[in-house]
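User: Could you walk me through a structure I have just opened? I am new to this, so please take it slowly.

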Amino acid sequence: MFTKAGIPDELRGTMTLFLRLVRKVLSEYDPHLRQSFDDLLANTLLVHTKTASFATTHTSDTPTADDAASTDVALTEAHFEKAVELIDSLPVEQATLLMRGFATYFHLANICEENYRVHALHVREQAIPTTLEYNPINDLTVAYRRLVDECGHAKALSLLKRLEFHPVFTAHPTEARRRGIEGKIRRIANLLKERPNLGGASLAENERQMLQEIDAMFRTSPIGLKKPTPVEEADTILDIFDNTLFDMVPEVYRRFDDWELGDKAGTVPPVCPAFFHPGSWIGSDRDGNPTVTAKVSREVAEKFRCHMLNALMERTYYVGRNLTLDAMCTKPSDMLINLWNHQVEMSESMTSRAQTVSTSELHRAVMIVMSYRLKATINRTADLMYNSAEDFLNDLFVVQESLTQAGALRAAYGPVQNLIWQVQSFGFHMVEMEFRQHSLVHTRALADIHEHGRRGERGELAPMTREVLDTFRAIGSIQRRNGVIAARRYIISFSQSAQNVADVYELARLAFAHEKDVPVLDVIPLFEQVEDLKNAVSILDDMIRIPEVQKRMSQTNRRLEVMLGYSDSSKDAGPTSATLVLHEAQQAIAQWAERNRIDLVLMHGRGGAVGRGGGPANRAVLAQPKGSVNCHFKLTEQGEVIFARYGDPTLARRHIESVAGATLLQSAPSIEEINTDTTHKYEQLAHDLDEFSRQRYLQLLNTKDFAEWFSIVTPLTEIGLMPIGSRPAKRGLGAKSLDDLRTIPWIFSWSQARINLAAWYGLGTACQSINDLDLLKQAYSEWPVFTTFIDNIEMSLSKTDASIACMYLNLGNRKDLSQMVLEEMELTRKWVLAITNNTWPLEHRRVLGSVIRMRLPYVNALSLTQVRALAALREKNDKLTPEERERFIYLILCTVSGVAAGLQNTG
């Protein structure tokens, strides 16, 4: 079954193993269910095999909707119809169980691929001699060596010291997998890692445990019982922190030092700065989420603080207990003795407990007392607590310096340095919370206050106005407890003027009776819509004239953050136009910042899907215009992307090294020259692509009753019922106009329908209108932003299926709209394959292309079931009892979860 060329043996072996185990679990549950699984899979495999064969031989230059809709079916009609007949013959309950079986397999397939990627990285690293100047597997060392070659050692080092990677974890509803499933996935992944070292009875026991977990996964509903609260969503970060980030981040720094310092690594001060600083919108992003209140924000911040301090307390105690260096061999410095005396003065009982552990080992005793003080910090014991992470860090530096003076270099720059890195990366706050609200909310709140008084002395204030004021008080409270850095950023959605920024500062002042209580704020405009992106420079010009902004810039060496939204711009103008408009806006803002001597930080509001700026982050960084990165890269990480990028320590380390390396390398003169020259060279091409694609895209969206048709031909309404985030997935359960649609369900729904329209629509027409394949191929080979864009679209097209798409589109009884979509899909596919010199999507992406093709028959089984269930629900809705309707909806939601796992993207 897994014999296609391009699938590595190890990956094929684990996929086969898990297919066998899933079939065994299904057989134990109900032999008839397992037989249905086999029959449906057999037919979809045959359909896919013949479709793939057609895709590699069909080369018509004049594709039509009929080609897309009927030619594949003509080649595979019998098997296609058999698959549909099998699905239609099953009772809803049996079909639901069958789909849960397929969804279970996809979770296991994802584990296989992750396991293979980890294994492949380890194999590649083992083959690299440590005598090389840099580690070719570690993109950070590669980037630094290239900078040294191009700029000299001093300049490269100064750029390294500026390096910052700032992922911001959000709670956008794009993770279709429930948390109860994630725990089982992690346990199965660990069992798979153990298998190569097992044999005999141990291997049999390993398989028994796997079957136990797979059986539990199959029997666990893929749909959560309720939407998570924002406080519960914070557990996503805690889980990633505990399992990955806390120990992995210092490992990233250590690996860089190992290559740069060689034998001296761990015995001298580090070269690598603590450049990883995570942020979070969870519990603080209130734009469109009424469940995020000031009270919730305080509670989430406290959850982060206590968890972080507890981790530092345990690690400090562990490091301290192992500093068994007595005074005879490792004499404490005067500073360390002074620190110890200060600790004695602070609490004799605390220091006496430490001395019972260590009588002649002062470094050990001091560190143990430091861990006791962290415990007191959790409990807010005023006399003993650390007032800030900086105070704790200063004590660590005293210990490190004392060890250094005593010659214990490996202790100083080994475990103590790791702890220092952890504090520098996470502080006492773990993540830097960023607050976000819509500009219109601020405008209305100010109008309310001006009319009724800030305390409601001339009439009662609206609940939203009181909540806005409470939000600033919550920020002040968090800053007092966790430090200014813990909650200083305030993002304004739909920023359209500098007045939006001034409004936030005014509201912050109005929230407090005394000016000294007003929190420190870095107010960040978010430009989302195309018109706002084009006006960004003019708005920023006015913004830096605001007194509060000028004051804050004087305190931060003229650093200013600006956020760009990928989602709404893509939905407004189409993916091609949005990509080019965003690139143009970044270039204009970077040039503006240079003229005004501003240290610019651009924040990228990207999603996981291509239609929301998704794709490999490192390649996106290298394609940015000159001056738009400046060794700082900040982006949103959300939903399924968080678990995919940070769920496994090895893959998370690889991701961070890759993005950090690209962020550093983007400042290399050669990269800046390429981006500047090619942007200028292909300026006319960009203009034409933008104009032609936007016309085609808006033609579709402006067609009469398009939005209502869209909600019928996709599972938009049903997706809105999924409990996958505290934030509402859309503004209503149906869609009567495009204004009703949020971007995430817009993209999620097209993905489920196997069309992925939000990623590519309009590009085919634009290429056809330009009609210059040589020019497009040349741009693909030379222009980084176009290369990245085309590659991401190719990835998106690889997950589409024209035959299944037709079934969804036929639900809407609008041949005109269906024809537009299918023609553009085939036209885009034709041009993308011609530009990339491929006969099928991802043909030259060795493992990735083959793996995606291998997955598609399984996804097709889920998609066919989903579209047939949607058809039944749409056609029989008035005739169904509430119980029957609920069963159909549950079946659809199970397929949504399974397709999301199979395609590995939602929104």
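**Rings, helices and a buried valine**

Analyst: Let us start with Phe 165, which is buried, with a relative accessible area of 0%. Please keep in mind throughout that this is a predicted model.

User: Which residue does Phe 165 form an aromatic pair with?

Analyst: Phe 165 pairs with Phe 276 in an edge-to-face arrangement, with 5.9 Å from centre to centre and 65° between the planes. Phe 165 belongs to strand S1, while Phe 276 sits in the loop between helix H9 and strand S2, so the pair ties together parts that are 111 residues apart in sequence.

User: And is Phe 276 buried or exposed?

Analyst: Phe 276 is buried, and its relative accessible area is 0%.

User: How many aromatic pairs does the structure hold?

Analyst: There are 27 aromatic pairs in the structure.

User: Which residues do ring pairs link into a cluster?

Analyst: That cluster is made up of Phe 706, Trp 709, Phe 710, Trp 746 and Trp 750.

User: What lies over the face of Tyr 386?

Analyst: Arg 373 does, at 3.9 Å from the centre of the Tyr 386 ring. Elsewhere, Arg 853 lies over the face of Trp 840, at 3.9 Å from the ring centre.

User: Changing topic, how do the axes of H18 and H19 cross?

Analyst: Helix H18, residues 463-482, and helix H19, residues 498-510, have axes that come within 9 Å and cross at roughly 80°. Angles of 65 to 115 degrees count as roughly perpendicular, and H18 and H19 are therefore roughly perpendicular to each other.

User: Which residues make that contact?

Analyst: H18 contributes Val 468, Leu 469 and Phe 472, while H19 contributes Val 504, Leu 507, Ala 508 and Leu 510. Sorted by type, the residues of this contact are seven nonpolar, no polar and no charged.

User: Last one: where does Val 832 lie, and what does it touch?

Analyst: Val 832 is part of helix H38, residues 815-836, and is buried, with a relative accessible area of 1%. Leaving aside residues up to four places away in sequence, Val 832 touches Leu 763, Ile 790, Ile 793, Glu 794 and Leu 797. The C-alpha atoms of Val 832 and Glu 794 are separated by 6.6 Å, although these residues are 38 residues apart along the chain.

Note on methods: Residues numbered from 1 in each chain as written. Predicted model: local features only at pLDDT ≥ 70, side-chain atom pairs only at ≥ 80, totals over all residues. Heavy atoms only, no water. Axes fitted to C-alpha atoms, helices over the stretch in contact; angles between N-to-C directions. Helix = DSSP H or I, 4+ residues; strand = E, 2+ residues; numbered from the N terminus. Parallel < 35°, antiparallel > 145°, perpendicular 65-115°, else oblique. Contact = heavy atoms within 4.5 Å. Nonpolar A, V, L, I, M, F, W, Y, C, P; charged D, E, K, R; others polar. Phe/Tyr/Trp six-rings, centres within 6.5 Å; stacked < 30°, edge-to-face > 60°. Buried < 20%, exposed > 50% of the residue type's maximum accessible area, 1.4 Å probe, protein only. Lys NZ or Arg CZ within 6 Å of the ring centre and 35° of its normal.
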